[in-house]
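Open the model in your viewer and get ready to select. Each stop below says what to pick and what is there.

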Amino acid sequence: MARIAVVGAGMGGLAFACAMRASQHEVTVYEQANELAELGAGISLWANGTRLFEEMGIASRMAACSCETEAVFFRNEDGSVAATQLLARNNWYRNKYGYPYYGAFRTDLQTALLDAIGKEKIRLNKQLIQLDNAENEATLYWADGTSDTADLVVGADGIKSVVRSAVSDSARAVFTGNSAFRGLAKTADLNLLPEPNSFTDWMGDGQHVLNFPVGKDFEYQTIVVFMDGPETWQHESWRVPAEPSAIRDKFTGWHPAVGQLLAQVNLRERWGMFQVSPMSSWYRGRAVLIGDAAHGMMPHHGQGAISSFEDAITLAHIMNNASLATFDEKLACYQRERKSRGERIQLSSRRVNDCLHLPPGPEREQRNAVLNNLEQHYSWLHCYAPGV
Ligand SMILES: Cc1cc2nc3c(=O)[nH]c(=O)nc-3n(C[C@H](O)[C@H](O)[C@H](O)COP(=O)(O)OP(=O)(O)OC[C@H]3O[C@@H](n4cnc5c(N)ncnc54)[C@H](O)[C@@H]3O)c2cc1C
């Protein structure tokens, strides 16, 4: 039996603990926050995530509190349709990938994960400040002055990971040159939306607005405004104040539904968008990275949390696989299974940003041809299942 310390009770850490709930190994999750309150309203959950829900013990819970979005619409500034992709309409997505797409509240997902694990496995108020990563054992030093030892440390501590500094000497969170504003609104208050039960990207030059339904019966819309800029990010914080009228002015002349969406977004708070720089290895000694700590990415594929689930389930399978005897064998196997896929999604998410922000011109035609054929270009994202 191994003692496994998971640092971070976010999406990846909770998913790993869920997947290990029947394991012979002893798993403890350490979280810096003094309570688990999920930030951010909605989350899109594609088939490569929902196919893992049964194993994570949250399938029926998530089915009961999510909506199955009908389609994806890509629209130009004036609302004209540039491309479409069916989802639940005609049962297209389930037929294609075998599992549903869900629009859900992050808080529902977090609660389902916590209930599956059992709260006693989670230790709050434990902020990791240093990790001694020795050959046969790791020591975790907490901000409260205490320490713990473990046979394996799983770094699920997000994009600004502390565990990562024990795995890589150079990797860090790098500002992407993009920022976002977020909102949540009742669908009933957005009467100008042409397709309220669908996922819509309103695309323009250097910016786009996204809305998608979340929760049972499509009751709410998650709204995110994405913009190129600022060029640099000088702040320690993720979030900085912004001037709402300056943001609104950038959408003058757009379809009236966009004005209605913007009225529901907190335009006073700009979120910087970061991604993690590449690493030669995702593990060293007795520390291994999952989720944003390993491959923090732009959110344009809606794959950040889901790819942390893929990491978590893969690592859990490997930890429970008795034919891989040593930690070195196990962690090498995890890296083989996950690193190239994580990096591929990260790179692709970056490219999608540029593609959604094209200025008017012939490149938009080529882009729309790709968006009209998402199945051909992006099935690799949705049909993946952890192989080990
Ligand atoms: C605008 C936006 C929209 C998004 N939409 C989607 C979406 O629709 N679908 C999707 O799949 N993904 C989406 N994502 C991405 C997703 O939120 C992240 O990729 C996901 O949360 C990563 O999970 P994680 O467990 O690696 O990190 P996190 O969920 O960030 O969890 C890290 C945890 O570690 C804790 N922690 C940090 N440091 C320490 C420390 N030193 N000691 C102890 N604990 C620590 C934190 O408090 C936190 O609880 C979106 C992201 C953004 C910015």
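**Stop 1: the open sheet**

Select the six strands of an open sheet, in the order E7-E2-E1-E11-E19-E18, with mixed pairing. Strand E7 (122–123) and strand E18 (283–284) stand at the edges, each with a single partner strand, so one side of each has no neighbour in the sheet. Two strands count as paired if DSSP finds at least two bridges between them. Strands here are DSSP runs (E, at least two residues), helices are DSSP runs (H or I, at least four), and both are numbered from the N terminus.

Some ground rules. Residues are numbered from 1 along each chain as its sequence is written. This is a predicted model, where local features need pLDDT of at least 70, side-chain atom pairs count only at pLDDT 80 or more, and totals for chains, interfaces and linings use all residues.

Now pick E11 (residues 152–155) and E19 (residues 287–289). They pair in the parallel sense over three bridges. Find Gly155: Leu289 in E19 stands opposite.

**Stop 2: a hairpin**

Select E8 (residues 128–133) and E9 (residues 138–142). This pair is antiparallel, with five bridges. Four residues lie between E8 and E9, and the two strands form a hairpin. Which residue in E9 is the bridge partner of Leu128? It is Trp142.

**Stop 3: around the ligand**

Show the ligand and the 32 residues around it; Gly8, Gly10, Gly12, Gly291 and Gly304 come nearest. A residue is near if its C-beta atom, placed from the backbone, lies within 6 Å. Colour the shell by type: 15 residues are nonpolar, 13 polar and four charged. Here Ala, Val, Leu, Ile, Met, Phe, Trp, Tyr, Cys and Pro count as nonpolar, Asp, Glu, Lys and Arg as charged, and the others, Gly among them, as polar.

Next, highlight helix H1 (11–19), strand E3 (42–45), helix H9 (292–295) and helix H10 (304–319). Each supplies at least two shell residues. Which element gives the most? H10 does, with four residues.

**Stop 4: two helices meet**

Keep H1 and H10 on screen. Residues in contact have C-beta atoms, placed from the backbone, within 7 Å. On the H1 side, Met11, Gly12, Ala15, Phe16 and Ala19 take part. Their partners in H10 include Ala305, Phe309 and Ala316. The residues of this contact divide into 10 nonpolar, two polar and one charged.

**Last stop: zoom out**

Show the whole protein chain: 13 helices and 19 strands. Its C-alpha trace spans about 60 × 45 × 35 Å along the principal axes.
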